[in-house]
Amino acid sequence: MAIINRTPDSFYRPGITWDEGAALERVHEVVAEGADIVDIGGVPAKPGADVTVSEEIRRTVPFVEAVRSAHPDLVISVDTWRHEVGQAVCAAGADLLNDSWGGWDPLLPGVAAEYGAGLVCSHAGGLAPRTRPFRVSYADVTADVLDTTLGLAGRAADAGVDPARIIIDPAHDFGKNTWHSLEITRRLGDMVATGWPVLVSLSNKDFIGETLGAGVEDRLPGSLAVAAVSAWLGARIFRVHHVRETRQALDMIAAVRGDVRPVRTVRGLA
């Protein structure tokens with residue numbers, strides 16, 4: 001899942017895909033690099049200037065239409081917590097609603113059900129959208145993640161979302177500190193064991209930066225390491241900035257596990 005931010009102030013390389021032409025060119029690039037899904041966001045996760053519903057729709061809907069026209073078979077996801085935006089982007093051709101704020105808008109599952117779209121059910125620790133955790137604590141963070149995401153998945157199914165299109169996400173760093181994000185990574189197998197497909201959004205996150213003492217531009221090695229661990233534990237979808245590198249890492253994990261054969265022969269050996 002490649003990240004395409006239609007915002008001027010995203011945390012990673014802000015504004016690089018703010019221009020629609022640059023954003024569409026980036027879609028072409030990530031598809032060529034191996035992305036199966038593009039995740040389009042119109043509002044940054046970090047605190048900042050208010051983005052109204054109408055402005056979020058303006059940033060995302062025409063772009064969803066452009067991507068759908070250019071790549072008819074590509075899975076298009078939109079990162080939004082608002083049902084009004086969800087309705088507009090699904091009408092424009094989106095396949096998946098990535099609710100990274102943990103069910104903040106209870107009407108969003110109904111929109112996914114209405115349009116036959118998928119829904120990502122995330123754990124944000126009860127935080128309001130675009131707020132940061134402050135001295136957050138859990139008796140057992142993984143248990144809290146499981147309780148929340150399974151509850152949201154059940155609510156989505158009850159609202160009519162096709163269970164085959166429901167995904168759960170521990171949401172690293174959302175409502176969590178670095179220790180929490182490391183813990184949910186170690187215990188990701190607990191989420192995988194529920195049977196719901198697990199999405200991880202790890203790329204360049206603060207918990208990687210704090211663990212390694214690395215700035216935003218120096219977090220690729222850590223991002224790949226955590227992606228590899230998550231893949232080994234059974235995660236199914238990886239939301240990333242660096243598509244080519246992550247695709248290769250995941251393909252290598254699949255080969256080691258025996259899930260796929262190598263693409264090429266090596267010195268004559270299959």
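Guide: Buried means under 20% relative accessible area, exposed over 50% and partly exposed in between, with a 1.4 Å probe and protein chains only. The model is predicted, so local features need pLDDT of at least 70 and side-chain atom pairs pLDDT 80 or more, while totals for chains, interfaces and linings use all residues. Residues are numbered from 1 along each chain as its sequence is written, and side-chain values use heavy atoms, without hydrogens and water.

Visitor: What makes both faces of strand β6 count as covered?

Guide: Ile-166 and Ile-168 on one side of β6 are buried, as are Ile-167 and Asp-169 on the other. All four therefore fall under the 20% limit. β6 spans residues 166–169; strands (E, at least two residues) and helices (H or I, at least four) are DSSP runs, numbered from the N terminus.

Visitor: What makes a space a cavity and not a pocket?

Guide: On a 1 Å grid over the protein atoms alone, a 1.4 Å probe fits in a cavity but cannot get out; a pocket is open, with protein on both sides within 12 Å along at least five of seven lines. Lining residues have an atom within 4 Å of a point. Two cavities of 30 Å³ or more are counted in this model.

Visitor: What volume does the largest cavity have, and which element gives the most to its lining?

Guide: The volume, the space filled by probe spheres set on the points, is about 80 Å³. Helix α9 (220–233) supplies the largest share of the lining, four residues, and β8 also supplies at least two. Among the lining residues are Val-200, Leu-220, Phe-238 and His-242.

Visitor: Which elements give two or more residues to the lining of the second largest cavity?

Guide: They are α4 (108–115), β5 and α5. This cavity holds about 50 Å³, and its lining includes Leu-119, Val-120, Cys-121, Leu-152 and Arg-155. The classes come to seven nonpolar, one polar and two charged.

Visitor: Where is the centre of the largest pocket, in terms of residues?

Guide: The pocket has a volume of about 840 Å³. Of its 44 lining residues, Ala-45, Lys-46, Arg-132, Phe-174 and Lys-205 are the closest to the centre. β1 (2–5), β7 (199–201) and α8 (206–212) each give two or more residues, and α8 gives the most, three.

Visitor: How do the lining residues of the largest pocket divide by class?

Guide: There are 16 nonpolar, 15 polar and 13 charged. Asp, Glu, Lys and Arg count as charged, Ala, Val, Leu, Ile, Met, Phe, Trp, Tyr, Cys and Pro as nonpolar, and the others as polar.

Visitor: What lines the second largest pocket?

Guide: It has 21 lining residues, with Asp-36, Arg-236, Phe-238, Arg-247 and Leu-250 nearest its centre. Helix α10 (243–257) and β8 (237–239) each give two or more, and α10 gives the largest share, seven. The lining has 13 nonpolar, three polar and five charged residues, around a volume of about 410 Å³.
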